[in-house]
Amino acid sequence: MKRTNSHLYIIIAFVIAQIAWLGLLALWIYWYVTNYIIFEQAGEKLSPLIDIQTPNVFVFTAGIILIVGIAVVMFIFFRNLSVQYKLANLYDNFIATVTHELKSPLSSLRLFLETMDYKNVSEEKRKDFLSLMMKDVKRLDNLINTILEISKLEQKKIVHDRREYKAGILFEELVNESILNLSVPEGVVSYKCSSVSYCSADKKALQIVIDNLINNALKYSTEAPTINVSVKDNRKKIIIDISDNGIGIPQQYQKKIFNKFFRIDSVHMPNVKGTGLGLYWTKEIIKQHKGSISVHSEGLNKGSTFRIELPAIKNKG
């Protein structure tokens, strides 16, 4: 509620400021025109001994330029203020989300440890607890590593291990590795390739991209998920499409989902945990590969298709 009120105050202040400078501009024009009319009508009738200066066009023009300059500065100020407000709001949401993401596995770990410490737990149950605890530790480790890696990526401190790969073989390996990493059931993901081109790629970085996209397709599917991955050539580009039968993405969010910390707030979206960094990280990795990523969805419950375009290297065959 406080954020909403602050935003409203900024809008009101901006409107008042614009009215003020428009009023000042109107007064300035009125003053000049009035003086000019008076001089035209009465100037010749006045005594030659009375020194009255003709209204100066230069002063008038300079005044208008000054007033317009003030208006431009005010606009830039309020625009930057609005941007800062949005960034602050995003950071607040990010901190709240990350705090929840950290607190949840920590609470789970504490519960398991207290149970094992204060109660007689069978060896079989102890192994189950340890297995669950390892999953929570891995979840924490992944979250921390994600934040650190994105920070390095933005500061350009990551050294990419770029090599040349045949695109079809590379992405088949990446998809198969994702299936193992995410424990995807057999038959959920299909792979099709018609590409004969090569690409320069950091295999580990692209693994993060494929993991994120397939994981999102799984999380945002309300029915039995079906994920189709296709790789093809298009002139000097390699096109990778990852399609799913999930809940889809509304048109107004299709460009915003790649923004840092952005998460879709809709009653139609399932309650999926996350930090809003996955797709941003994906976009940044693709940019580092001099490529692009986009998404297309026909709407609610009509699935989504993420398209990656990478520059192709001339066929070595």
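Of the 40 residues in the largest nonpolar core, the ones that touch the most other members are F171, L206, I240 and F306. A nonpolar core here is a set of buried Ala, Val, Leu, Ile, Met, Phe, Trp, Tyr and Cys residues joined through side-chain atoms within 4.5 Å; buried means under 20% relative accessible area, with a 1.4 Å probe and protein chains only. At least two residues of this core come from each of α4, β3 (198-202), α5, β4 (227-234), β5 (237-244), α6 (278-288), β6 (292-296) and β7 (304-311). The largest share, 7 residues, is supplied by α5.

The model is predicted: local features need pLDDT of at least 70 and side-chain atom pairs count only at pLDDT 80 or more, while totals for chains, interfaces and linings use all residues. Residues are numbered from 1 along each chain as its sequence is written, and side-chain values use heavy atoms, with hydrogens and water left out.

The chain as a whole has 6 helices and 7 strands, where helices (H or I, at least four residues) and strands (E, at least two) are DSSP runs numbered from the N terminus. Their order from the N terminus is α-α-α-β-α-β-β-α-β-β-α-β-β. Of the 317 residues, 33% count as buried. Among contacts (heavy atoms within 4.5 Å) between residues at least 6 apart in sequence, 72% join residues at least 24 apart.

Beyond its neighbours within four places in sequence, F306 is in contact with L213, I240, D241, I242, I249, I257, F258, L279, I293, S294 and V295. Apart from this core lies another, of 7 residues, including L109, M116, F129 and L140.

S304 is also in strand β7. With a relative accessible area of 5%, S304 is buried. Leaving aside neighbours within four places, its contacts are I242, S243, D244, G248, I249, V295, H296 and S297.

Next comes a helix pair. Helix α4 (residues 167-181) packs against helix α5 (residues 203-219) at an angle of about 55°, with the axes 9 Å apart. The two are therefore oblique to each other, a class left over once angles under 35 degrees (roughly parallel), over 145 (roughly antiparallel) and 65 to 115 (roughly perpendicular) are set aside. The contact involves L170, F171, E173, L174, V175, E177, S178 and N181 of α4, and K203, L206, Q207, I210, D211 and I214 of α5.

Definitions and conventions: Axes are lines fitted to C-alpha atoms, for helices over the stretch in contact, and angles run from 0 to 180 degrees between N-to-C directions. Buried means under 20% relative accessible area, exposed over 50%, partly exposed in between (1.4 Å probe, protein chains only).
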